[in-house]
Amino acid sequence: MARITLHSDSGYHQHIRVREHHWEADEGPALGGQDQGPNPYELFLSGLGACTAITLRMYAERKGWELGEMDVALHFHRDADGNEQIDRTLQCSTPLSDEQRQRLLEIAARTPVTLTVKRGTPVATRWAGD
């Protein structure tokens, strides 16, 4: 369903490949990186945000709803007790009815990446060749 490769040659700077796409990841200077790309949490949130916008547009198209320009803002935070939360805020340039807005919130709660995050999908790690 999804597959990436990542190459790390030194420091925290990472080279990421997906199909024919290439981009970088890094940590900011505060964590010892050189800020040559988004950090891992920023990449994680971008996937969630992209899935949200794409899913909502697909749904709106099927319903014949015009969304205009859409913004999805995400913020990951952790409190002093270690509890984590992602806040997601939606905005469209086209006015929507209360019913449309409510339905889009319901759809956003069930996007594929949202459901993966909520399920706490297991991560299996192994060494190549094993």
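Author: A residue is called buried when its relative accessible area is under 20%, exposed when it is over 50%, and partly exposed in between, with a 1.4 Å probe and protein chains only. By that scale Glu 66, at 52% relative accessibility, counts as exposed.

The model is predicted, so local features need pLDDT of at least 70 and side-chain atom pairs count only at pLDDT 80 or more, whereas totals for chains, interfaces and linings use all residues. Residues are numbered from 1 along each chain as its sequence is written, and side-chain values use heavy atoms, with hydrogens and water left out.

Glu 66 is found in the loop between α1 and β4, where helices (H or I, at least four residues) and strands (E, at least two) are DSSP runs numbered from the N terminus. Contact here means heavy atoms within 4.5 Å; leaving aside residues up to four places away in sequence, Glu 66 touches Thr 94 and Leu 96. The C-alpha atoms of Glu 66 and Leu 96 are 8.6 Å apart in space, although 30 residues separate the two in sequence.

The loop between β3 and α1 holds Asp 35, which is exposed at a relative accessible area of 51%. Phi of Asp 35 is near 55°, a positive value in a residue other than glycine. Most residues other than glycine have a negative phi.

The aromatic rings come next. Rings of Phe, Tyr and Trp (its six-membered ring) pair if their centres lie within 6.5 Å, and planes under 30 degrees apart count as stacked, over 60 as edge-to-face and the rest as tilted. Searching the whole structure gives two aromatic pairs. In one of them, Tyr 41 and Phe 76 are stacked, with 4.5 Å from centre to centre and 20° between the planes. That pair links distant parts of the chain, since Tyr 41 belongs to helix α1 (residues 40-63) and Phe 76 to strand β4 (residues 70-78), 35 residues apart. Tyr 41 counts as partly exposed at 42% relative accessibility, whereas Phe 76, at 18%, counts as buried. Tyr 59 and Trp 65 have ring centres 5.6 Å apart and planes at 75°, which makes their pair edge-to-face. Of these two residues, Tyr 59 is buried at 10% relative accessibility and Trp 65 is partly exposed at 21%.

The helix also packs against another helix. Axes are lines fitted to C-alpha atoms, for helices over the stretch in contact, and angles run from 0 to 180 degrees between N-to-C directions. The axes of α1 and helix α3 (residues 112-119) lie 7 Å apart, and the packing angle is about 135°. This makes α1 oblique to α3, given that angles under 35 degrees count as roughly parallel, over 145 as roughly antiparallel, 65 to 115 as roughly perpendicular and the rest as oblique. On the α1 side the contact involves Phe 44, Gly 47, Leu 48, Cys 51 and Thr 55, and on the α3 side Pro 112, Val 113, Thr 114 and Val 117. These contact residues divide into six nonpolar, three polar and no charged, where Ala, Val, Leu, Ile, Met, Phe, Trp, Tyr, Cys and Pro count as nonpolar, Asp, Glu, Lys and Arg as charged, and the others, Gly among them, as polar.

Cys 51 is buried, with a relative accessible area of 12%. Its sulfur lies 16 Å from the closest cysteine sulfur, that of Cys 92, which is too far for a bond, a disulfide being a pair of cysteine sulfur atoms within 2.5 Å.
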